[in-house]
Amino acid sequence: RLATLDDVVSWDFSMNEVGRDNTAVMEAYVRQVQHQYRESKPLLISLDNHKGRCRLLEQYADQGWLSEALCVARAEAVFDKPMLERFKSADSDSLAPGLQRWNEFGAPPSCPGRSSWHPKQQEHELIAWMIAMDFAEALEYAVGVMQQDPDWKQTFRHTRPAVDPTFPRPVSPHLFDNSEAVHKLLYGHEYNDNNGRSEGSKQQYKMHDVSCRTNFLPATDSDKVLPSIVASGLASTTTAQDFPERSDADYESGWVLDVSKVERETKRKVEKCGGLGYVDMKLALYGIPQSGPLQLWLPVESHIHSNEHHSSHDHNHDEPASHWFDSIVLCEANEKRSDQACQLQQDLTIMVGGVRMPPNNLTMIHGAGEYLKRPTCVHVSIPETAQMTQFHDLDAKVQQRLAKARGHDGDDLNAGLLLQVEAGTRVTRQAGACCLSHVAWELH
């Protein structure tokens, strides 16, 4: 790729999806990637050998809905069992170097993660080699382009316009039982062109822009982390370096940037072995009733707010929030939690644009974002009477804090929506505090 934005994205079928034969979650991801990264049109690499999901990627690529995809299978999908056993046996020295000692981990025996289902060092190297060979062909092409055209950057900028893609009806045979609003969030809104709505199998769909904030590491955009949208209610202790234990006093002073006990213990174990390649960390905001309300200000991103829906008329910030926002999604960390832990749908008191949300306006999202068959995300609809809040109407200290969290003076901030969440009275830290790992909002 000769681009300045993200060139490659990945998808790893794992415990975050329901059902081995599920393709619907991947399809939602593919659509969102192609829309959000419409300038770079990235290559999608999937570590998966499921025929249905690989066939879905192939279909999307053949039809031009996806620029390019690479489906990488694990060894057990390629070699038969006798051959795999030979890789792991003592006589593997007679095989090619890359197929020897497949039963050996790269880390010392005392390190965690030595489970039978984890790929060992040689398989990791083989996967890396296969991907590298695919990249080599693209690299050769790129070198040729650069040699023939000294002004190649400008040429590619004009030959790869950022066209907002349209998609057909979802091709996955089984979609999850979600509300119409969630279905549109995942797969797109039916698109009406100047000729009117297309019908039947030729229906076209467009994704709406989605903004998201998270502290899950590695977070490369410092202005896209959760504290960048916190107007009030954040505990003074906001860093989580070296995975410190949080005290009850920390939790009573506001919502805390923290990790779960299992996450903290796991990270400490792998750090003793040099990290074992794990660069991720599930940092999230945790709150209990004593933490008080957490108020977030969700901005209409300046680079987004040129949607077709709004381009045909002047913006009026006195319009209700539903004119600007389609929905909000709140997610908790994908980790094991007891049945007594905070339940997002039941234990959060939520106010959107000054309107208290009734429980029936909160619905758990099925399929996408599930972990070990447990939904982790709740969909919040936008009340008709919810109002926008302008940046300059916020308290001066809040303006300063939000601008500082984004790393600049806040000149790009204009219209936004206030979202307030508070943990219910039955929630305790011991049973499991309320957790917000991701806050996403879909623009209208």
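C54 belongs to helix α2, residues 51–62, and C71 to strand β3, residues 68–72. That is a separation of 17 residues, and the pair links distant parts of the chain. C71 is partly exposed, at 31% relative accessibility. Keep in mind that this is a predicted model.

How many disulfides does the structure hold? Four. Counting bonded cysteines along the chain, the pattern reads 1-2, 3-4, 5-7, 6-8.

Next, C111 and C273. They are joined by a disulfide, S to S 2.0 Å. This link is left-handed, with -105° about the S-S bond. Both ends are in loops. C111 is in the loop between α3 (81–88) and α4 (121–148). C273 is in the loop between α8 (261–271) and β11 (284–287). The parts tied together are therefore 162 residues apart in sequence. C111 has a relative accessible area of 5%, so it is buried. C273 has 24% relative accessibility, and the limit for buried is under 20%, so C273 counts as partly exposed.

Now C331 and C377. Again a disulfide, again 2.0 Å between the sulfur atoms. Left-handed or right-handed? Right-handed, at 110° about the S-S bond. C331 is in strand β13, residues 325–331, and C377 is in strand β19, residues 377–381. This bond ties together parts 46 residues apart in sequence. Both C331 and C377 are buried.

Then the cysteines without a partner. C212 is in no disulfide. Its nearest cysteine sulfur is that of C331, 7.6 Å away. C212 is partly exposed, at 34% relative accessibility. What about C435, buried or exposed? Buried, at 0% relative accessibility. A disulfide here needs the sulfur atoms within 2.5 Å.

Three strands make an open sheet, ordered β10-β11-β22, with antiparallel pairing. β10 (256–258) and β22 (434–436) are the edge strands. Each has a single partner strand, so one side of each has no neighbour in the sheet. On average, neighbouring strands are turned by 40° against each other, direction ignored. Between β11 and β22 there are three bridges, in the antiparallel sense. In that pairing, G287 stands opposite C434 of β22.

Last topic, the nonpolar cores. In soluble globular proteins, nonpolar side chains tend to be buried together. The largest core in this model has 53 residues. Which members touch the most others? F325, I328, L330, I350 and V352. Strand β21, residues 415–423, supplies the largest share of this core, with five residues.

Take I350 as a close-up. Leaving out residues up to four places away in sequence, I350 touches L330, V355, R356, M357, L362, V380, L419, Q420 and V421.

Note on methods:
Residues are numbered from 1 along each chain as its sequence is written. This is a predicted model: local features need pLDDT of at least 70, side-chain atom pairs count only at pLDDT 80 or more; totals for chains, interfaces and linings use all residues. Side-chain values use heavy atoms; hydrogens and water are left out. A nonpolar core is a set of buried Ala, Val, Leu, Ile, Met, Phe, Trp, Tyr and Cys residues joined through side-chain atoms within 4.5 Å. Buried means under 20% relative accessible area, exposed over 50%, partly exposed in between (1.4 Å probe, protein chains only). Helices (H or I, at least four residues) and strands (E, at least two) are DSSP runs, numbered from the N terminus. Contact means heavy atoms within 4.5 Å. Two strands pair if DSSP finds at least two bridges between them. Axes are lines fitted to C-alpha atoms, for helices over the stretch in contact, and angles run from 0 to 180 degrees between N-to-C directions.
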